[in-house]
Structures are given as structure tokens and as C-alpha cells.
Amino acid sequence: MGFLKGRLNFRRYRVVDPLPDDFRDRFEQAFTEHAFREKSVISRGEETMGWVRADNLLETDFSNRDRWLYTHYVMAGMRIDKKTLPMPLVRAMVEQRVAVWCEENGRARAPASVRSDIRTNIENDLLARTLPTVKVVHFCWNLPEGWVLFENTSEGMNDRFRTLVRNSFGVALEAFSPLEFLTETPELVDPLAAAGMTVMGGGAR
Amino acid sequence: MMDSLPHLSTEFFTWLWWATEQGGGRLTVDGEEIVVWVDDRMAFRLPSEDASRAVLTGADTARAAEAKAAMAAGKIIKELRIRLQWADREYGFTLKGSGLDVTGLVLPALPDEGDEQDRLMVRMEAIEALWAVLGAIYRQFAAVRTGASWAEEVVPSIQAWLVGDA
């Protein structure tokens, strides 16, 4: 379960917008509306994304607040499912069926439209039999202090996370800046932010 | 809050590496002595690229000639694995990027009792304690970086250290 054991990776965020007084109700509603839902049909490369509870990636019932609100922390997971196909296998199957079509129709080459239909049928058939890759990344949100830890540092995952948070909770997240360390020494912020690059090693920086 | 310029993080990493080597792994932060050292991983990149150009791992990475050689060749520090001790706590973690992303964070041994909520509270408190110490170290860097001593003393000292004169 996210954040509760093992080594941690995270990017830290500051929550830009203030929380409304009725945030508990709103969060429950937001989690429910944007909960992960499996699609019956998912096309190649398409992602399905939504919230799951931190205790189990199959749990999307957020009606029990004890399962996502821990005193002043909100913890849940962003689940992303994606189906991919083994493309060498797809290509081989397409060539095989195109060859059969040519033989059956007495043609040397299959028209592009036929080849495209064959490929689509093969992909749909394989996608229906393929399990998705499933990824869950947890986050932990300190409500009174307005910061969030997201358990992944890749740009793509973080882009998806910020978008899902904004769409779900209506708040924007700003990635942590080390200048936030200087709230107790505000006189250092402007000079540091304006500091130019220093050449320390062998090359221009 | 304005964004921190990306080069400040690499300068922070360089300063921290140098300061810990100069101070025998001890820094006084907000009046408290902490033990901090560069652990078993450093990654370097060219200033114009994001991808790592050199990754050093293994024991005594901070003192490896290859680390200073990377800097001498114009590379800058992209990631730094740090070991940090104070009071009875010890953390290991890698800092990377302009926003100080944290990877591979190993927390001190913590009580494993109670329910999920208890464990979450204890672990988040430990993370916040680490963040507070990192903040204090960064403030120390910021004070040095914005002072006259940066150009007059610190940078020449770092440069001499990188070529082996200090």
C-alpha cells in the first residue's frame, strides 16, 4: 500500500487553491466521479485512467472515508490501464492472412483497404484476448499544509496526475521549488532567483 | 512562489558535495550538527542535455577521481545519493532535478505497530523531518550563494578542490 512500506520515490507539489469547507463531501464525490472504470473495449495504446483506493487497486468505492482520509492526509492511487500488442506477431499474422486472401482471390497483391481491414480484425481479436498492463501510482495529500507527494518522478506520469487532480478536485498543483525552503529567509529569495550560473568545472554552464 | 532556476540545484548539489568533503561529513545546520555524505551514486549530465552522460556507483563514489574528472570535463551533477544522520535517525535518498525529486528514500527504522493510519502518520512525520533538514541545508546554501563569499572564497575553493589542490 502506497507510502506505508518500502523505499519511496516522490515528487512534491504545492496545492495552489484553498480547500472549500465542505472538502470531505466534495472529495468523496470527486473520487467517485473520477474513479477507475474498466472499459469493455479498449483500443491499442489507449489508456484508461482513474482513482482507486490505496488498499487495493480493484477497490473504487470511496463512500467509506476511513479508506482514503487518514486524519489530515488523503491517500489514494491513480490507476492507468493500457493494452499493447506484440507488433512482430501482429505483422506476421497480417502477412499470413494477406497471403491467404491473395491465393483465394487469385491476386498477386492485396489492396490497401483489404490489408487495413485484415490488420484491424487481427488487432481487435488480439486486444480482446489481451490483459492490460496495470500501473498504480499513489499520492498522499496533507490537507492543512497544502502539499502533495506523488509517488513517481516521470514527467509523463506527473502530467497525467496533475490533469486528473485538476479535473477531479478542481485544484491546481505546482511542482515544488527549492525557493519554498526560504519562507523563513525571504530576503534570500530574490537574490537567489536572480543568481546567474557559476562556472565551477571545466566548461561553461 | 517563483520557480527556482535549474542551475541552482546543480550548484546546490556541487556545494553540498564539496561542503561535506571539506567538513569531514559534518554540517552544522540551525545550530545542530548533522552527518551527511554523498553515498554510492552520482549522475552527471552536460549542461545542454537532460540525459545522464556519466553515472558513478559503488563505495566511496564521492572521492572517486572520475567524479571530479566529470566536473572538470564540464559536466554538472544531475543526481546525488545522500546519506544523512542526525539524532538517532538515518536516511538514504537520491535527490535529482531542479525540483529536488526524491527517489530510493530509505527511512529510519520506525515503529511498525498500529493500523494503517498510525503507520502513515509515523512515515509522513519522518518524511517531513527530512524535508525540514533539507530545507535548513538549502537555506545555508542560499545564504552562501547570495553572499560575497561565494565568488571570492567558495567558488575558488571548489575549483581548487576539483583539480586536487584542496
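## Helix H3 of chain B

In this predicted model, the 30 residues of H3(B) should span 44 Å at 1.5 Å a residue, and the end C-alpha atoms of H3(B) are 42 Å apart, which agrees; the expected span is 1.5 Å times one less than the number of residues in the helix. Helices here are DSSP runs of H or I with at least four residues, strands are runs of E with at least two, and both are numbered from the N terminus. The buried residues of H3(B) are Leu120(B), Ile127(B), Val133(B), Leu134(B), Ile137(B), Tyr138(B), Phe141(B), Ala142(B) and Arg145(B). A residue counts as buried if 20 or more other C-beta atoms lie within 10 Å of its own, as exposed if 12 or fewer do, and as partly exposed in between, with C-beta atoms placed from the backbone.

The model is predicted, with local features needing pLDDT of at least 70 and side-chain atom pairs counting only at pLDDT 80 or more, while totals for chains, interfaces and linings use all residues. Residues are numbered from 1 along each chain as its sequence is written, and chains are lettered from A and ligands numbered from 1 in the order in which they are written.

## Packing of H1 against H3 in chain B

Two packed helices are described by the angle between their axes and the distance between the axes. Helix H1 (residues 6-22) of chain B packs with helix H3 (residues 116-145) of chain B at an angle of about 100°, and their axes are 11 Å apart, which makes H1(B) roughly perpendicular to H3(B). The axes are lines fitted to C-alpha atoms, for helices over the stretch in contact, and the angles run from 0 to 180 degrees between N-to-C directions. Angles under 35 degrees count as roughly parallel, over 145 as roughly antiparallel, 65 to 115 as roughly perpendicular and the rest as oblique.

On the H1(B) side Glu11(B), Phe12(B), Trp15(B) and Leu16(B) take part, and they meet Ile137(B), Tyr138(B), Phe141(B) and Arg145(B) of H3(B); two residues are in contact if their C-beta atoms, placed from the backbone, lie within 7 Å. The residues of this contact divide into six nonpolar, no polar and two charged, where Ala, Val, Leu, Ile, Met, Phe, Trp, Tyr, Cys and Pro count as nonpolar, Asp, Glu, Lys and Arg as charged, and the others, Gly among them, as polar.

## Helix H1 of chain B

Twelve of the 17 residues of H1(B) are buried, so H1(B) is largely enclosed by the rest of the structure. Among these buried residues are Phe12(B), Phe13(B), Trp15(B), Trp17(B) and Trp18(B), together with Glu11(B) and Thr20(B). At 1.5 Å a residue, H1(B) should span 24 Å, and its end C-alpha atoms are 25 Å apart, which agrees. Gly24(B), which follows H1(B), has a positive phi near 65°.

## Two loop residues of chain B

Most residues other than glycine have a negative phi, and most peptide bonds are trans. Asp60(B), in the loop between strand E3 (52-57) and helix H2 (65-72) of chain B, has a positive phi near 60°, and Asp60(B) is exposed, with 12 other C-beta atoms within 10 Å. Ala87(B), in the loop between strand E4 (76-86) and strand E5 (89-96) of chain B, has a positive phi near 50° and counts as exposed, with 9 C-beta neighbours inside 10 Å.

Chain B has four helices and six strands, and 34% of its 166 residues count as buried. A compact globule with 166 residues would have a radius of gyration near 15 Å, and chain B has 17 Å, which agrees; the radius is taken over C-alpha atoms, and the globule rule is 2.2 Å times the number of residues to the power 0.38.

Chain A has five helices and seven strands, and 25% of its 205 residues count as buried. A compact globule of 205 residues would have a radius of gyration near 17 Å, but chain A has 24 Å, and the C-alpha trace of chain A spans about 80 × 60 × 30 Å along its principal axes.

## Where chain A meets chain B

In the interface, 35 residues of chain A are in contact with 43 residues of chain B. Strand E1 (8-15), strand E4 (73-82) and helix H5 (189-193) of chain A are the elements that give two or more residues to the chain A side, and E1(A) gives the most, with four residues. The residues of chain A on this side divide into 22 nonpolar, nine polar and four charged.
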